[in-house]
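Visitor: Can you walk me through this one? I'd like to start with the side chains.
Guide: Fine, here it is.

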Amino acid sequence: MYWSNLRFLLLLLILSLGGWSWYQSSVIDSLKADNHAQAQTIAAQQQANSELQQALKVEQQAVENQRKFATTLRKQTENKREQIKTVLVKEPCGVTALPDSVRDSIKRLHK
């Protein structure tokens, strides 16, 4: 009877260890699958970040070009304004008062 019980306990122990081993193997497989999915997500996110960084560089360059262009236009406008002032000061019409309607029209154009 002792050997029978011992065999039964050994068989139960072997089956339990086998079941535990099978369970651990399935947990490991599940974790590996999760890890693989996360690695793919990370790779896709890195690619998207890279594309966004490239787009940001292009946008920054466009903004810089636009700023330079606007500065150039402002300088040109200021130069033209100074030239007009110089011409008007030299001409006799430069000291003549403009009608209110003309001044208002000019002010509206500059706004």
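Visitor: Which residue forms a salt bridge with glutamate 64?
Guide: Arginine 67 does, with the closest N and O atoms 2.3 Å apart. A salt bridge here is a side-chain nitrogen of Lys or Arg within 4 Å of a carboxyl oxygen of Asp or Glu. Bear in mind that this is a predicted model, in which local features need pLDDT of at least 70 and side-chain atom pairs count only at pLDDT 80 or more, while totals for chains, interfaces and linings use all residues. Residues are numbered from 1 along each chain as its sequence is written, and side-chain values use heavy atoms, with hydrogens and water left out.

Visitor: Where do glutamate 64 and arginine 67 sit?
Guide: In helix 1, residues 2–90; they are 3 residues apart, so about one helical turn separates them. Helices (H or I, at least four residues) and strands (E, at least two) are DSSP runs, numbered from the N terminus.

Visitor: Why would such side chains pair?
Guide: Because side chains of opposite charge can pair when their charged atoms come close.

Visitor: How many residues apart are glutamate 78 and arginine 81?
Guide: They are 3 residues apart in helix 1, about one turn. Glutamate 82 and lysine 85 also lie 3 residues apart in helix 1, so about one helical turn separates them.

Visitor: Changing topic. How many helices and strands are in the protein chain?
Guide: The chain has 2 helices and 0 strands. Its radius of gyration is 42 Å, well over the 13 Å that the globule rule gives for 111 residues, so the chain is more spread out than a compact globule. That radius is taken over C-alpha atoms, and the globule rule is 2.2 Å times the number of residues to the power 0.38.

Visitor: What does the C-alpha trace span?
Guide: About 135 × 25 × 15 Å along its principal axes. As for a pair of positions, alanine 39 and valine 102 are 63 residues apart in sequence and 71 Å apart in space, C-alpha to C-alpha. Alanine 39 belongs to helix 1 and is partly exposed at 38%.

Visitor: And what percentage of the 111 residues count as buried?
Guide: 0%.

Visitor: Which residues make the nonpolar surface patch?
Guide: Leu10, Leu13, Leu17 and Trp20, covering about 440 Å². Patches are made of residues with over 30% relative accessible area and no salt bridge; like charges are joined within 9 Å, nonpolar side chains (Val, Leu, Ile, Met, Phe, Trp, Tyr) within 5 Å. Areas come from the Shrake-Rupley method with a 1.4 Å probe; for residues, only the protein chains shown count as cover.

Visitor: Is tryptophan 20 buried or exposed?
Guide: Tryptophan 20 is exposed, with a relative accessible area of 55%, and its place is in helix 1.

Note on methods
Buried means under 20% relative accessible area, exposed over 50%, partly exposed in between (1.4 Å probe, protein chains only).
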